[in-house]
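Work through the exercises below with the coordinates open. Each task is followed by a solution in steps.

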Amino acid sequence: MTTRQLIPSGSPYEPEIGFSRAVRIDERVLVSGTGPVWPDGSCDPDAEVQARRCLEIIETALKEAGATFSDVVRTRMFITTPDAAPGVSRAHGAAFGAIRPAATMVIVAGLLDPRWVVEIEAEAQLAAQ
C-alpha cells in the first residue's frame with residue numbers, strides 16, 4: 001500500500017495555489033521549487049545567499065519527511081541570469097559536493113518574486129524500509 005505524507009512549510013501560497021513544500025510517497029521525497037524566502041519577507045540580493053536560504057528550507061522539509069541531503073538524488077536550479085551561476089554553484093557544492101546528485105541549472109525569464117534570482121527543487125530516495 002502506498003503511503004502519502006504532505007509536508008507543509010506554512011507558506012501562504014500553499015493553500016492558495018494548492019501545493020505542499022514536499023510530498024513523501026513511500027521512500028521517495030519530492031521537494032517543490034523553493035525560493036529564498038526569509039521569515040520577515042526580506043530577500044538578500046546575493047545569489048549565493050539566496051541559494052543557501054533555498055537549501056536551508058529544503059533541508060528542513062527533507063528532515064520533516066525523514067530524509068537528509070545524503071538521500072537527495074536530483075536537484076534542479078532555476079536562475080534568472082548567468083551571473084547567478086557561480087554563487088548558486090558554490091552553495092550547491094557546499095551542500096552536495098560529496099553527495100553529487102544528478103543536477104540541472106537552467107536560466108529562466110523570471111521567478112514568482114522579482115527579487116529572487118534562484119529557485120531550487122530536490123528529489124530524495126530513501127533506502128527501502
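Two strands count as paired if DSSP finds at least two bridges between them. Helices (H or I, at least four residues) and strands (E, at least two) are DSSP runs, numbered from the N terminus. The model is predicted, so local features need pLDDT of at least 70 and side-chain atom pairs count only at pLDDT 80 or more, while totals for chains, interfaces and linings use all residues. Residues are numbered from 1 along each chain as its sequence is written, and side-chain values use heavy atoms, with hydrogens and water left out.

**Exercise 1. Strand pairing**

Solution: 
- Step 1. Arginine 74 is bridged to alanine 102 in β5.
- Step 2. β6 also pairs with β3, antiparallel, over five bridges. The bridge partner of valine 29 is alanine 124 of β6.
- Step 3. Buried means under 20% relative accessible area, exposed over 50%, and partly exposed in between (1.4 Å probe, protein chains only). Six of the eight residues of β6 are buried, so this strand is largely enclosed by the rest of the structure.

**Exercise 2. The unit around α3**

Task: Find the handedness of the β-α-β unit made by β4, α3 and β5, then state which residues of α3 are buried.

Solution: 
- Step 1. A crossover is right-handed if, with the strands pointing away from the viewer, the path from the first strand over the helix to the second runs clockwise. The unit of β4, α3 and β5 is right-handed.
- Step 2. The expected span of a helix is 1.5 Å times one less than its number of residues. α3 covers residues 85-96, 12 residues, and reaches 16 Å from first to last C-alpha, close to the expected 16 Å.
- Step 3. The buried residues of α3 are Gly87, Val88, Ala91, His92 and Phe96. They lie on the same side of α3, because they cover an arc of only 145 degrees around the axis; the arc is that of the directions from the helix axis to the C-beta atoms.
- Step 4. An α-helix has 3.6 residues a turn, so residues three or four places apart point the same way.
- Step 5. The cover over the buried residues of α3 includes α2 (47-64), β4 (72-79), β5 (102-107) and β6 (118-125).
- Step 6. Histidine 92 belongs to α3 and is buried, at 10% relative accessibility. Contact means heavy atoms within 4.5 Å. Leaving out residues up to four places away in sequence, histidine 92 touches Leu55, Thr75, Met77, Gly97, Pro101 and Ala103.

**Exercise 3. Helix α2**

Solution: 
- Step 1. The buried residues of α2 include Ala47, Gln50, Arg53, Cys54, Leu55 and Ile58.
- Step 2. Arginine 53 lies in α2 and is buried, with a relative accessible area of 17%. Its contacts, not counting residues up to four places away in sequence, are Pro36, Val37, Trp38 and Pro39.

**Exercise 4. Cysteines**

Task: How many disulfides does a search of the whole structure find?

Solution: 
- Step 1. A disulfide is a pair of cysteine sulfur atoms within 2.5 Å.
- Step 2. The search of the whole structure finds zero disulfides. Cysteine 43 is in none, and the nearest cysteine sulfur, that of cysteine 54, is 8.5 Å away. That separation is too far for a bond.
- Step 3. Cysteine 43 is buried at 16% relative accessibility, and cysteine 54 is buried at 0%.

**Exercise 5. A loop residue**

Task: Is valine 117 buried or exposed, and which residues does valine 117 touch?

Solution: 
- Step 1. Valine 117 sits in the loop between β5 and β6.
- Step 2. Its relative accessibility is 17%, so valine 117 counts as buried.
- Step 3. Not counting residues up to four places away in sequence, valine 117 touches Ala47, Gln50, Phe78, Ile79, Thr80, Ala84 and Leu111.
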